[in-house]
Amino acid sequence: LDFTEKTRHSIKQKHTPMPVTSAEDWFKGLGPISKLTFVIAIVLSVTIQFGYLTYHQIILDFNAVLQNFQVWRLLTNLLWWGPWGVPTALNFFFFVRYTVQLEHDEFRGRTADHLWMMVFTCTCLTVCGFLLSIPLLSHALLMSLVWIWCRKNAEAQVNLGFPMPAPWFPWILFGLHLLLGVGFVDDFAGIVCGHIYYFTNDVMPYTHGYTFFKTPPFLYNLITPRTYGYRAAPMGAGRPVGAG
């Protein structure tokens, strides 16, 4: 089906999530993109933590990708957050929360557009990984998703013990990552790639009258627009990090 830009955006709605009664209900209520990334991230975390895989088998290594056809590295480096610990748990929490919130509100019923956003952003990050020699892009992906959500919801409030405008939050997270030892370059690459997506898809249609990187038409033919059964609030809250 060939949907116009107006028709696709008319599908987007804000919904009040139904109460979560169990982890199973929460998981069943996820959209397809959120569910897939969540499962892959959990499997990677467990298998690496218990020694079934090693860090060196999943990082972004272009020689291994091109010479040994280890193409899985293009995905796995984006979804592993490091050894178990408080920093890893915190970053994974934010990743799940913002992935779910984007799919739940911004891309509700627009799975093709959501998939394209992820593909576009991850491709941009992979180019940065090649140019800047970044072996793990998970923190950069987190920053991209946070940036996109915060720009799309610029009037929302985020609460981290004190209220703040949503556009401030990426910079707060940036500072937190510096304190936790996450590389400056990773977060900067995430901000740049997130802003490229936001600018070309949310700003240019209004300022220039066209979308520079449109969702490829074949994705609309492959993925039928529908509203999935989002029955649960993301991680038990209606908006990320107390936003509202």
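Biologist: Why is F188 called partly exposed?

Modeller: This is a predicted model, and in it F188 has a relative accessibility of 48%. Buried needs under 20% and exposed needs over 50%, so F188 at 48% counts as partly exposed. F184 gets that label too, because its value is 46%.

Biologist: What makes F184 and F188 a stacked pair?

Modeller: Their ring centres are 6.0 Å apart, and the limit for a pair is 6.5 Å. Their planes sit at 10 degrees, and under 30 degrees counts as stacked, so stacked it is. Both are in helix 10, 4 residues apart, so about one helical turn separates them.

Biologist: How do you know that Y98 and F169 are stacked?

Modeller: The centres are 5.8 Å apart, within 6.5 Å, and the planes are at 20 degrees, under 30, so this pair is stacked. Here the partners come from distant parts of the chain: Y98 is in helix 6 and F169 is in helix 9, 71 residues apart.

Biologist: Why is T76 called buried?

Modeller: Its relative accessible area is 9%, which is under 20%, so T76 is buried. T76 lies in helix 5, and, leaving aside neighbours within four places in sequence, T76 is in contact with L44 and I58.

Biologist: What makes K35 count as lying over the face of F27?

Modeller: K35 is 5.2 Å from the ring centre of F27, and the distance limit is 6 Å, so K35 meets that part of the rule.

Methods: Residues numbered from 1 in each chain as written. Predicted model: local features only at pLDDT ≥ 70, side-chain atom pairs only at ≥ 80, totals over all residues. Heavy atoms only, no water. Helix = DSSP H or I, 4+ residues; strand = E, 2+ residues; numbered from the N terminus. Buried < 20%, exposed > 50% of the residue type's maximum accessible area, 1.4 Å probe, protein only. Contact = heavy atoms within 4.5 Å. Phe/Tyr/Trp six-rings, centres within 6.5 Å; stacked < 30°, edge-to-face > 60°. Lys NZ or Arg CZ within 6 Å of the ring centre and 35° of its normal.
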